[in-house]
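User: I am new to this structure and would like to learn how to read it. Please take me through it feature by feature.

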Amino acid sequence: MAAASYDYEDAPADYDGSADARASSQDLGYDPNFVPDSVKSFVVHLYRHIREKNVYEIHQMYETSFQSLSDRLFKDTPWPSVDAVAHYVDNDHVFCLLYREMWFRHLYARLSPTLKQRIDSWDNYCSLFQVVLHGVVNMQLPNQWLWDMVDEFVYQFQSFCQYRAKMKNKTEQEIALLRQYDQAWNVYGVLNFLQALVEKSMIIQILEREKEGLEQFTATDGYDYNGGSNVLKVLGYFSMVGLLRVHCLLGDYHTGLKCLQPIDITQQGVYTSVIGSHITTIYHYGFANLMLRRYVDAIREFNKILLYIYKTKQYHQKSPQYEQILKKNEQMYALLAICLSLCPQVKHVEETVNSQLREKYGEKMIRMQRYDDEAFSIYDELFSYACPKFITPSAPSFEEPLVNYNQDAYRLQLKLFLYEVKQQQLLSGVRSFLKVYSSLYLSELATYMEVDEPTLRTILMTYKHKTHAVDSDGKITSNADVDFYIDDNMIHVVESKPVKRYGDFFLRQIAKLEGLINDLDRVRLD
């Protein structure tokens with residue numbers, strides 16, 4: 001069962017939650033109390049498998065049966081209401097919360113939720129997370145479902161902020177509801193739930209103990225085969241990714257990366273066991289590093305995930321998340337193009353990824369190197385296409401004239417990014433001269449660049465500043481492919497030479513040869 005998306009289309013631009021949209025389900029003859037036999041059978045079996053902790057069967061029903069029933073019976077209507085199915089599952093409180101969570105997720109994916117439905121979904125998440133945090137949840141649920149819960153929780157928060165920020169066409173009834181339920185999808189509430197799940201699950205301590213060999217978490221993919229429950233632990237684990245994503249949406253990249261720090265993303269982990277989680281983690285990790293000028297870290301991780309998607313995407317073609325995988329893939333190529341244009345470190349990129357990148361953005365990347373107005377507009381275009389859908393989490397002022405402010409956060413982040421690009425433009429001349437010489441006098445370079453020596457020293461100091469960044473451990477690292485030091489009045493250039501990879505080339509040629517031999521074997525000679 002797919003989440004509405006990883007990232008995130010908010011409600012259609014012309015949607016204002018009007019009465020027409022609310023009436024659409026009645027027009028289609030939707031009866032929330034009618035339960036088809038196939039749905040009855042679905043909930044009874046799902047309930048039984050959850051009680052028996054049969055993770056494999058739960059996963060099959062959640063991933064396959066729910067999807068096929070949705071396609072067959074509920075393409076453009078909601079599922080039956082929770083009240084209609086409750087008596088088939090002994091009115092089990094926790095199961096009903098889980099069912100409603102899926103019910104709302106399907107509604108967001110297929111229809112346009114009304115404001116009241118958005119608020120009801122928030123209430124359901126509050127109840128569900130309260131039970132997980134303070135009750136005894138003795139269940140094993142598939143990682144896919146637990147990831148989708150966190151993913152959808154953040155998506156619906158983002159969607160609500162985008163919806164609330166479009167104030168112009170709101171009806172009086174909607175404004176009254178927004179005033180009445182002012183705590184629904186409150187940013188502090190969202191962050192508090194995610195943080196509480198991290199803390200209550202003790203997941204940071206579990207991952208520390210795992211490093212010391214005292215605990216098994218990653219080895220069992222987070223499942224507990226000793227009769228316990230994986231729900232709190234895995235929700236806590238995925239909540240660290242959720243926190244990274246929320247902080248990225250708010251433009252607080254440093255805090256976002258800090259939240260993710262307990263997960264070692266250079267290794268395989270539980271986050272890689274679900275494709276959506278894997279892609280969301282690396283996309284936001286890479287984007288946060290890009291905005292903090294840690295270009296090498298961003299390039300390295302984008303390269304790895306893009307190579308992974310390239311090798312495995314054919315296995316996900318039937319997945320309901322396939323389109324989102326492809327969309328994120330394209331966005332990450334755009335972000336990689338930005339990183340490599342600002343920090344030409346191609347040595348960190350595999351040949352397969354590099355050839356795909358050249359195919360998609362080769363021409364634009366050449367133009368981006370020119371640092372003129374056209375290059376500037378390409379940076380603008382790629383950033384706007386590939387960035388997250390930033391949000392303004394604060395409630396509107398109902399007293400002032402109602403305006404749409406849903407684009408404000410995006411415009412601010414774009415402005416900050418383009419300001420950084422403008423500063424980099426000033427340094428392009430320095431870099432092109434440094435690449436030509438191994439050493440030269442300051443006075444010579446000042447003449448070439450048509451500036452005086454004090455100005456040149458300032459430019460060189462700026463170059464040093466812009467090509468160095470503080471990494472997650474607080475150490476200063478260099479992003480430069482061309483570095484230098486000054487001894488008296490002489491500039492000495494140090495250029496890092498890319499490591500040539502012969503292995504990739506030979507492996508590809510061997511694969512081609514094997515393919516050719518197989519083709520020849522199939523040819524029958526007369």
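User: How many helices and strands does the chain have?

Analyst: The chain has 21 helices and five strands. Helices (H or I, at least four residues) and strands (E, at least two) are DSSP runs, numbered from the N terminus. This is a predicted model, in which local features need pLDDT of at least 70 and side-chain atom pairs count only at pLDDT 80 or more, while totals for chains, interfaces and linings use all residues. Residues are numbered from 1 along each chain as its sequence is written, and side-chain values use heavy atoms, with hydrogens and water left out.

User: What share of the residues of the chain count as buried?

Analyst: Buried means under 20% relative accessible area, exposed over 50%, and partly exposed in between (1.4 Å probe, protein chains only). Of the 526 residues here, 52% count as buried.

User: Which residues does serine 239 contact, leaving aside its neighbours within four places in sequence?

Analyst: Contact means heavy atoms within 4.5 Å. With those neighbours set aside, serine 239 is in contact with Val150, Leu194, Leu197 and Val198. Serine 239 lies in helix 11, residues 231-250.

User: Is serine 239 buried or exposed?

Analyst: Serine 239 has a relative accessible area of 0%, so it is buried. A polar atom of its side chain lies 2.7 Å from the backbone oxygen of leucine 235.

User: How do helix 9 and helix 11 pack?

Analyst: Axes are lines fitted to C-alpha atoms, for helices over the stretch in contact, and angles run from 0 to 180 degrees between N-to-C directions. Helix 9 (residues 187-201) packs with helix 11 at an angle of about 145°, and the axes are 8 Å apart. A crossing is left-handed if the near helix is turned anticlockwise from the far one by less than a right angle, and right-handed if clockwise. The crossing of helix 9 and helix 11 is left-handed. Among the residues that meet are Leu194, Leu197 and Val198 in helix 9, and Leu235, Ser239 and Leu243 in helix 11.

User: What does a polar contact look like for glutamine 156?

Analyst: A polar contact is a pair of N or O atoms within 3.5 Å; within protein, one must be able to donate a hydrogen and the other to accept it, and residues adjacent in sequence count only if both atoms are side-chain atoms. The side chain of glutamine 156 makes such a contact with the side chain of serine 121, at 2.5 Å. Glutamine 156 is in helix 7, residues 143-165, and counts as buried because its relative accessibility is 0%. Not counting residues up to four places away in sequence, glutamine 156 touches Phe104, Arg105, Tyr108, Ser121, Tyr125 and Trp185.

User: How many aromatic pairs are there?

Analyst: A pair of aromatic rings is described by the distance of the centres and the angle of the planes. Rings of Phe, Tyr and Trp (its six-membered ring) pair if their centres lie within 6.5 Å; planes under 30 degrees apart count as stacked, over 60 as edge-to-face and the rest as tilted. By this rule there are 28 aromatic pairs. One of them joins tyrosine 47 and phenylalanine 95 edge-to-face, with 5.5 Å centre to centre and 75° between the planes. That pair links distant parts of the chain, 48 residues apart: tyrosine 47 is in helix 2 (residues 37-51) and phenylalanine 95 in helix 5 (residues 93-110). Both tyrosine 47 and phenylalanine 95 are buried. Phenylalanine 217 and tyrosine 237 form a tilted pair, at 5.4 Å centre to centre and 45° between the planes.

User: Which residues form one aromatic cluster?

Analyst: Trp122, Tyr125, Phe129, Phe153, Trp185 and Phe193 form one such cluster.

User: Where is asparagine 91, and what is its phi?

Analyst: Most residues other than glycine have a negative phi, and most peptide bonds are trans. Asparagine 91 is not a glycine, yet has a positive phi of about 50°. Asparagine 91 is in the loop between helix 4 (82-86) and helix 5, and is exposed, with a relative accessible area of 52%. Aspartate 221, also not a glycine, has a positive phi of about 55°. Aspartate 221 is in the loop between helix 10 and helix 11, and its relative accessibility of 31% makes it partly exposed.
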